[in-house]
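Welcome, and thanks for taking a look at this one. Please have the sequence and the 3D view open side by side as you read the briefing below.

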Amino acid sequence: MGKILLRIGERLKEIRNSRQLTLDDVAKITGVSKPMLGQIERGQSSPTINTLWKIATGLKIPLSFFCKQEEADFQVVGLEDIEQITEENGGMKAYLVFPFDPLRNVEVFFLELEAQVSHPSEPQRRGVEKYIFVTEGTLMVIIGGEEVVLTSEQSLRFRADVAHVYYNSSEDQCTFYDMIFYPNE
């Protein structure tokens, strides 16, 4: 987890400096406190996914910008090669399979939700779409209060500029891919 914390901090500082923003400026536009932002930049704090979403949304950048690495002509990825981000007391694990690609405006995550675990997701900026592909188990996605239930090998596309929740109401683990498409700006 140490490498990813340093990378997140370096990326935050990089975007802040490139836009000539102070920590105070970033705190105002993201809703994340200045001390927390400073700790993240120094690699001294492990931000939650929700904190990273607030920062990414406020700065209008994709979440995966914080984890981006050098790119090759092609890439084969296995979960064992990816550092996981854990939320919901270990009940949710997120793997950044393919970081944000500026040519296609897309990033891809693989998620594992344990039984009876839910994970709320903040609304993304206007025009963002998510594509969900369930690989195992049953996933309920609550989009702006409407419930959609997906089972293995089913998919869902939705506008992600509204609050939404991923919920595994079953007694078995649920796994799914989450592709996020960002609008051109």
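At roughly what angle do the axes of helix α2 and α4 cross? In this predicted model, the axes of α2 (residues 23-30) and α4 cross at roughly 100 degrees and come within 8 Å. That makes α2 roughly perpendicular to α4.

- Helix α4 covers residues 49-59, and eight of its 11 residues are buried, so the helix is largely enclosed by the rest of the structure.
- The buried residues of α4 are Ile49, Asn50, Thr51, Leu52, Trp53, Ile55, Ala56 and Leu59.
- On the α2 side, the contact between the two helices is made by Val26, Ile29 and Thr30.
- On the α4 side, Lys54, Ile55, Gly58 and Leu59 make the contact with α2.
- Sorted by class, the residues of the contact of α2 with α4 are four nonpolar, two polar and one charged.
- Two of the α4 residues in this contact, Ile55 and Leu59, are also on the list of buried residues of the helix.

**Cavities**

- How many cavities of 30 Å³ or more does the structure hold? There are four.
- The largest cavity holds about 100 Å³ of space.
- This largest cavity is lined by 13 residues, and the closest to its centre are Ile49, Trp53, Phe109, Leu111 and Asp178.
- Helix α4 gives two or more residues to that lining, as do the strands β2 (92-101), β3 (106-113), β4 (118-121) and β10 (174-181).
- The lining of the largest cavity has nine nonpolar residues, along with two polar and two charged ones.
- The second largest cavity has a volume of about 50 Å³.
- Its lining is made up of Trp53, Ala56, Thr57, Lys60, Ile61, Gln124, Arg125, Val128 and Tyr182.
- By class, the lining of the second largest cavity has five nonpolar, two polar and two charged residues.
- Trp53 is worth a click: this buried residue of α4 is among those closest to the centre of the largest cavity, and Trp53 also lines the second largest cavity.

**Positive phi angles**

- Most residues other than glycine have a negative phi, which is the background for the next two entries.
- Lys60 follows α4, in the loop between α4 and β1 (84-87).
- The phi of Lys60 is near 60 degrees, a positive value in a residue other than glycine.
- Is Lys60 buried or exposed? Lys60 is exposed, with a relative accessible area of 54%, and this residue also belongs to the lining of the second largest cavity.
- Asn89 is not a glycine either, yet has a positive phi of about 55 degrees.
- Asn89 sits in the loop between β1 and β2 and is exposed, with a relative accessible area of 86%.

**Asn105, in a loop**

- Asn105 lies in the loop between β2 and β3.
- With a relative accessibility of 11%, Asn105 counts as buried.
- Which residues does Asn105 touch, not counting residues up to four places away in sequence? They are Phe100, Ile180, Phe181, Tyr182, Pro183 and Asn184.
- Asn105 and Ile180 are 75 residues apart along the chain, and their C-alpha atoms are separated by 8.2 Å.

**Leu156, in a strand**

- Leu156 belongs to strand β8 (residues 155-159).
- Leu156 counts as buried, at 14% relative accessibility.
- Neighbours within four places in sequence aside, Leu156 is in contact with Lys130, Tyr131, Ile132, Val141, Ile143, Val148 and Leu150.
- From Leu156 to Phe66 there are 90 residues along the chain, and the C-alpha atoms of the two are separated by 26 Å.

**Lys34, in helix α3**

- Lys34 is part of helix α3 (residues 34-41).
- Lys34 counts as partly exposed, at 39% relative accessibility.
- Beyond its neighbours within four places in sequence, Lys34 is in contact with Leu23, Asp24 and Ala27.
- Between Lys34 and Leu23, which are 11 residues apart in sequence, the C-alpha to C-alpha distance is 5.7 Å.

Terms used: Residues numbered from 1 in each chain as written. Predicted model: local features only at pLDDT ≥ 70, side-chain atom pairs only at ≥ 80, totals over all residues. Heavy atoms only, no water. Buried < 20%, exposed > 50% of the residue type's maximum accessible area, 1.4 Å probe, protein only. Helix = DSSP H or I, 4+ residues; strand = E, 2+ residues; numbered from the N terminus. 1 Å grid on protein atoms, 1.4 Å probe; cavity = no way out; pocket = protein on both sides within 12 Å on 5 of 7 lines; lining within 4 Å. Points joined across faces, edges and corners; volume = space filled by probe spheres on them. Nonpolar A, V, L, I, M, F, W, Y, C, P; charged D, E, K, R; others polar. Axes fitted to C-alpha atoms, helices over the stretch in contact; angles between N-to-C directions. Parallel < 35°, antiparallel > 145°, perpendicular 65-115°, else oblique. Contact = heavy atoms within 4.5 Å.
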